[in-house]
Amino acid sequence: MSLFKTITDKPWERKGIIGGLKPEGAFDAPSEKVALSVFLVVASVVFSLFTVGYFVRMELPDWQPLSEPAQLWFNTGLLIISSVLFQWARNIANSTNDKYLTAVFIGGGIFAVLFIAGQLVTWDSLQGAGFYMTSNPANAFYYLMTGLHAAHLLGGLWVWSKSSIRLLAGREASDVKLSIELCTLYWHFLLVVWLVLFAILSNT
Amino acid sequence: MAYVPLADRDHEMEMHHPHSWVGKYVWSQDHKVIAIQYGSIAVFTGIVGLALSLLFRMQLGFPDTATFIDPSFYYQAVTMHGMIMVVYLLTALFLGGFGNYLIPLMCGARDMVFPFMNMLSVWVFLVSVIILMASFFVGGGPTGGGWTLYPPQTNLAGTPGHDMGIVLMLISLAVFIVATTMGGLNYVVTVLQYRCRGLTMMRLPLSVWGIFVATILALFAFPALLVAAIMMLFDILAGTSFFMPAIIESGTPLDHNGGSPVLFQHLFWFFGHPEVYIVALPAFGLVSDVLSVHARKNIFGYRMMVWAIIAIGGLSFIVWAHHMYVSGMHPYFGFFFATTTLIIAVPTALKVYNWVLTLWEGDIRLNAPMYFAIGFIFTFIHGGITGLFLGNVVIDLPLSDTYFVVAHFHMVMGVSPVLVVFAAIYHWYPKMSGRMFHSGMAKLHFWCTFLGTYAIYLPMHYLGFLGVPRRYYALGTTDFIPQSAQDLNTTITIAALFVGASQLLFFINIIWSLRYGPKADPNPWGAASLEWHTPDTPPSHGNWGDSLPTVYRWAYDYSVPGAREDFIAQNTPETEEPTVDEQHFDPDKDESLADA
């Protein structure tokens, strides 16, 4: 039912059961997926506000642009592979043959761990080159935004690890199907966020 | 993986029935217990906030009488009072308290969609309160930088609590936001996915609409506060300069350089203004239901009320800078925000008209909840109209930072929502406790609160017109502030002490009635919405006994012509609609209708 149709309804005129068992206005998806989608919007607001703060702060005279390490390209590749593996795992979980499901799903998480490790290496190399957090607001935003993104990934890895343990314990693919789907959605979201952050950090 | 209707999988739902006292009352996953936990923690925190306000009012009314109230304590009390009342009392009480209690019951659900996360939400909220309260016991005490926490002042050595106090406040807010997000996801998804059979969105009671939209606001507005808090924490703890400009403190230049305090203000108010509606929208919803039930009339303009809630929610995100007119902004910017502020008054006024029109020719029952609901209309109109003054740049500039502003926001988002809180607690108390409260004591509580708060805030408008500045510890000898202003301050303090003490009537009443109040009828007010039609009162775990309810109509079928009773419950099928035989129907002779 469209939003317009919903809010123009005249409830005082319509009597009886409307919509059958499915309440009108409910999304045709599991509640967990609806909740995750709402959460992704909330997380988008957080990242957007940091980005707004970044652009506002950038206009002030003490801003010195940071030269992002080339390794970020490599890290980006790791996260793309991670996301692709999650998508693959989701497709396997939806198919009848779940032969490689455990390996692919666990592989997706491992590449995410490698991405975080790669981010830490960039932090270390920047610190080594004297680009400290307090030296300049551009540096501070770099550490803050990459750190926040990594923190979101760690949250996802917690759910991934629980599902991985269930898969390794021999649970059926159908038992973890929803979890895999939610992880995939979350990973794609974090990949998009990272690509946007990377573009902003690299071009300013 | 598609949606499976709730009613279709009712038998598979795990209800987490508690097996021990601890499971039932402490680590409970029952939304009703969690609601009461949320409410109790919020009210406890609110009592601390109230006590702080009485202490700083002592200083204003009777300067230097209480020697322990020095300038530092005064500013700390003012700051903590503001933050506690806005965030930890009202937000938590409306969303965590009423949201938790009413959403599943009004939606015909057995519980929230994620009961475990719901339980986690209340305990994380408690952690945030503990962190906040801990700031009273650390060196330097709680922050005294004002509830808006503006840098750089909040972080400088001259401000009380500039070391640990502000850090604990920011951490507490971040933790609170985590709790609110967990709770908020639950409320939104429950309303969307867990409504029972037949319950369309437009059949929802306005209480649910108000809480639903306010929750969406909270989910999207609190991130701004989170972002501001994180960046400020880095400024304080790591020495960054997101907000901190180059500044000299006690003759020593600090390490900060180039930060933007105005950026903090934008982030704070991008949260802060929707926050007003996070508090107001649930109040609007709850009061609509209380007015309708006790006026025995359907709410006037239900659709418009829903649209107004949605419109106010949307507009609340584009008015924030009206809190910052004096920060210095481009005139066109000010013009834009003044315009949007005036526009938001339209749906708000529409709601006020509809409340009054709901009362018009209603069969008004002056029960205690109705006293508070009608009182709310008065205080909200007063607070709303002064908001129109302050929304205009040219009027705001001279009135900014005076007691006029204090009077305005206390009337509109202090007294008004609190009157609704009382209306709602008295209204749903029989369902929550299974007992009736003492009606006379509740009405006395209303008059003390209603008249008492007017005695506090009406004179404050005059102080504001005189130019008496807010936040000052002592006014000193100033030409433009006459002695009569000081006399007015004394009167306000006496009224505040009276209102504070009169709240004991409320606490004594509800605690005493829990044990000694007469047993309540399951539906003592004759309400039509679902929560009054549970098999048990108070509702048992799972709410609905063996089967979920089915809804056949909206929640406002009151005084329906031809109906035998003056309400028809939402779950009454059309075929079973109790009607009077039309041939013999004569309202003057019909006893049940004559009584009604």
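This is a predicted model: local features need pLDDT of at least 70, side-chain atom pairs count only at pLDDT 80 or more; totals for chains, interfaces and linings use all residues.
The contact between the chains may be considered as a whole before its parts. In total, 43 residues of chain A are in contact with 49 residues of chain B. On the chain B side, at least two residues come from each of the helices α5, α6 (206-238), α7 (261-295) and α8 (302-315). Helix α6(B) provides the largest share of that side, with 9 residues. Sorted by class, the side of chain B that touches chain A comprises 31 nonpolar, 12 polar and 6 charged residues.

One pair of helices from the two chains can now be examined. Two packed helices are described by the angle between their axes and the distance between the axes. The crossing of α2(A) with α5(B) is right-handed.

Which residues meet where α2(A) touches α5(B)? From α2(A) come A:Ser31, A:Val34, A:Ala35, A:Val38, A:Phe39 and A:Val42, while α5(B) contributes B:Thr181, B:Leu185, B:Val188, B:Val189, B:Leu192 and B:Gln193. This contact consists of 9 nonpolar and 3 polar residues, with no charged ones. An α-helix has 3.6 residues a turn, so residues three or four places apart point the same way.

Finally, helix α6 of chain A covers residues 173-203, which number 31. From its first C-alpha to its last, α6(A) reaches 43 Å, close to the expected 45 Å. Helix α6(A) also has a kink of about 30 degrees, centred on A:Ser179.

Key:
Residues are numbered from 1 along each chain as its sequence is written. Chains are lettered from A and ligands numbered from 1 in the order in which they are written. A crossing is left-handed if the near helix is turned anticlockwise from the far one by less than a right angle, and right-handed if clockwise. Helices (H or I, at least four residues) and strands (E, at least two) are DSSP runs, numbered from the N terminus. Two residues are in contact if their C-beta atoms, placed from the backbone, lie within 7 Å. Ala, Val, Leu, Ile, Met, Phe, Trp, Tyr, Cys and Pro count as nonpolar, Asp, Glu, Lys and Arg as charged, and the others, Gly among them, as polar. The expected span of a helix is 1.5 Å times one less than its number of residues. The bend at a residue is the angle between axes fitted to the seven residues ending there and the seven starting there.
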